[in-house]
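I opened this entry to keep track of what I looked up, going from the whole chain to single side chains.

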Amino acid sequence: MQTVLTYSTVFLVLASAARHVGVWDSPPTGVPSSKVPDGPLLGNGDMGVVLGGSHASLNFFIGLNQFWAIEMITVQDPQEPNYPRVVSVGGVRLDMPSFNNKYGYRAEQDVDEARVRITVNSSDISFMCEAFVAVSTNTLIISLNH
């Protein structure tokens, strides 16, 4: 049996997804991961980025859909077979040692705008970062503000 999606059905699904904003009140702990990461995601269909790190270090892990590998991964269950996965081709790390006190962290993944906004606070200063992947080129754009 084949399912046929109409334009109106696809529009309703996309409109519903666009209203959602993922929120993280603490840095993701499962990034990088051999499975689905628990951090905010960015991408354009070819290039994918996941945010990880800590209060004092924002890490953007970059992968491309052309880079796959089958490798041994340390997992909880040693009986789990090897499987293909996208491998990281690089990353960007922003170190902010003044924010090591873990005063405040918030990351928002805006599905409609395809952007991630991060705010990290210390006792006397706030740091804001906005990131997105360009649609037509494999380029990660990061805007910093304090």
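How much accessible surface does the protein have, and what share of it belongs to carbon and sulfur atoms? I noted that the model is a predicted one, and that its accessible surface comes to about 9,500 Å², with 56% of that belonging to carbon and sulfur atoms.

I then looked up burial for the chain as a whole, and found that 30% of the 146 residues of the protein count as buried.

Next I went through the secondary structure, where I found one helix and nine strands, arranged along the sequence in the pattern α-β-β-β-β-β-β-β-β-β. For the contacts with a separation of 6 or more, I recorded that 47% are made by residues 24 or more positions apart.

Is His 55 buried or exposed? I have it as buried, because its relative accessibility is 12% and the cut-off for buried is under 20%. Which residues is His 55 in contact with, once its neighbours within four places in sequence are left aside? I listed Pro 27, Met 96, Phe 99, Lys 102, Gly 104, Tyr 105 and Val 120 as its contacts.

Last, I checked the aromatic rings, and a search of the whole structure gave me one aromatic pair. I also noted a charge placed over a ring: the charged end of Arg 115 sits over the ring of Phe 132, at 4.1 Å from the centre of that ring.

Definitions and conventions:
Residues numbered from 1 in each chain as written. Predicted model: local features only at pLDDT ≥ 70, side-chain atom pairs only at ≥ 80, totals over all residues. Heavy atoms only, no water. Phe/Tyr/Trp six-rings, centres within 6.5 Å; stacked < 30°, edge-to-face > 60°. Lys NZ or Arg CZ within 6 Å of the ring centre and 35° of its normal. Buried < 20%, exposed > 50% of the residue type's maximum accessible area, 1.4 Å probe, protein only. Contact = heavy atoms within 4.5 Å. Helix = DSSP H or I, 4+ residues; strand = E, 2+ residues; numbered from the N terminus. Areas by Shrake-Rupley, 256 points an atom, 1.4 Å probe, with all protein chains shown as cover.
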